[in-house]
2 protein chains.
Amino acid sequence: MQPFASQVSFSTGVIQPSGKVIERRLSDMRGMYLDTAEYDRIMREEGDRLVYQVYPVALPEEPGQVLHCTTILYPGKVGDEYHMTKGHYHQLRDRAEVYLGLAGRGYLVLQLEDGTIDKVLMEPGTAAYVPPNWAHRTCNVGDEPFIFFAAWPGDSGHDYGTIEKLGFAQLLVDRGGQPTLVPNPRYGQG
Amino acid sequence: MQPFASQVSFSTGVIQPSGKVIERRLSDMRGMYLDTAEYDRIMREEGDRLVYQVYPVALPEEPGQVLHCTTILYPGKVGDEYHMTKGHYHQLRDRAEVYLGLAGRGYLVLQLEDGTIDKVLMEPGTAAYVPPNWAHRTCNVGDEPFIFFAAWPGDSGHDYGTIEKLGFAQLLVDRGGQPTLVPNPRYGQG
């Protein structure tokens, strides 16, 4: 493979050239937000919001490669819950990941399979580490797009299904202006 | 392992907290620069310049981890050859690496073991990819510190010895203000 470069805009998160851009709308995250009545109201009255986009650099998902992308997580809430990514484990659970904050302000929320939760604040310049075995999701707690760069091993694989089925044990909500983890009543209900 | 964060300054390259900072001075690179008379003159008359520093995030060098660091490569030349890093292969040759330019302007210079050379211009926001099997070195072609973030697989290992012994087949020099690759007459002489 020949060396190459992509250009990352730190202000917009756009990567050029990029692989196929992933767009996640509210309809892609049915059942993930706590306040289902508010979710339904937004879908009905405001339409199917764009929650986040992922710009990947096109690379083979093979051992030895270092995959990388940007994520642009738009500000907003569903009820008092912050806009978030779906979140996933790596198929190979021992594969880690590093995030580098480029713009905006968010939390990396992490979970072990036993339900242990942790969170890490990310601002521009924050290198946040997802150690082996932690599922990872990000939440935008600011008023601007939360944008970060990510790099992870080429053979990690993505396991979205476990989170889609079981959820995160805790969810990040606004409690009087403070981002606060609260128990997810639907956690583990499949 | 618990999740954690480090703060990266995009303007200075400093990471806090970091592991042990690596400093490379001209004396660490004896024999790597083309113009040995000028190298000797600088060492004698100007002293042992700081060429670059590496701020690593402290992580175990194990499969699955994603190691990351910043490099701060100071501007300067030895004769008409730009300040550069020593350069290395990965011990596991198939391990790739991604660089993200943060400040300044430089070239990533890459080499396969058959002597094939390539180069990639890096500016702020450039995500430059080191594919499997390429030795990699950076050169500062600007007037400011050239600063970049790097991420690579935890089991890559570093093979500096092959480059220390054989060198790069080509070196990056200033030809009338243009960064230009020229043959290295000492390449492969061990």
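Analyst: Among contacts in chain A between residues at least 6 apart in sequence, 71% join residues at least 24 apart; two residues are in contact if their C-beta atoms, placed from the backbone, lie within 7 Å. This is a predicted model, in which local features need pLDDT of at least 70 and side-chain atom pairs count only at pLDDT 80 or more, while totals for chains, interfaces and linings use all residues. Residues are numbered from 1 along each chain as its sequence is written, and chains are lettered from A and ligands numbered from 1 in the order in which they are written.

Chain A holds two helices and 17 strands; these are DSSP runs numbered from the N terminus, helices being H or I of at least four residues and strands E of at least two. Of its 190 residues, 42% count as buried, that is, with 20 or more other C-beta atoms, placed from the backbone, within 10 Å of their own.

The contact between the chains takes 37 residues from chain B and 37 residues from chain A. On the side of chain B that touches chain A, the elements giving two or more residues are β1 (4–8), β5 (66–73), β9 (97–103), β11 (117–122), β12 (126–130) and β14 (146–153) of chain B. By class, that side has 24 nonpolar, nine polar and four charged residues; Ala, Val, Leu, Ile, Met, Phe, Trp, Tyr, Cys and Pro count as nonpolar, Asp, Glu, Lys and Arg as charged, and the others, Gly among them, as polar.

Strands also pair across the contact. Strand β1 (residues 4–8) of chain A runs antiparallel to β12(B), joined to it by four bridges; two strands pair if DSSP finds at least two bridges between them. Within this pairing, Phe4(A) has Tyr129(B) as its bridge partner.

An open sheet of eight strands has the order β3(A)-β4(A)-β5(A)-β14(A)-β9(A)-β12(A)-β1(B)-β2(B), with antiparallel pairing. At its edges stand β3 (22–25) of chain A and β2 (15–16) of chain B, each with a single partner strand, so one side of each is left without a neighbour in the sheet.

As for symmetry, chain B is superposed on chain A by a rotation of 180° with 0.0 Å of shift along its axis (RMSD 0.0 Å), using least squares on the C-alpha atoms of residues with pLDDT of at least 70 in both. The two copies are thus related as by a two-fold rotation axis. The same surface serves both copies, since 100% of the contact residues of chain B recur in chain A.

Key
Buried ≥ 20, exposed ≤ 12 C-beta atoms within 10 Å, placed from the backbone.
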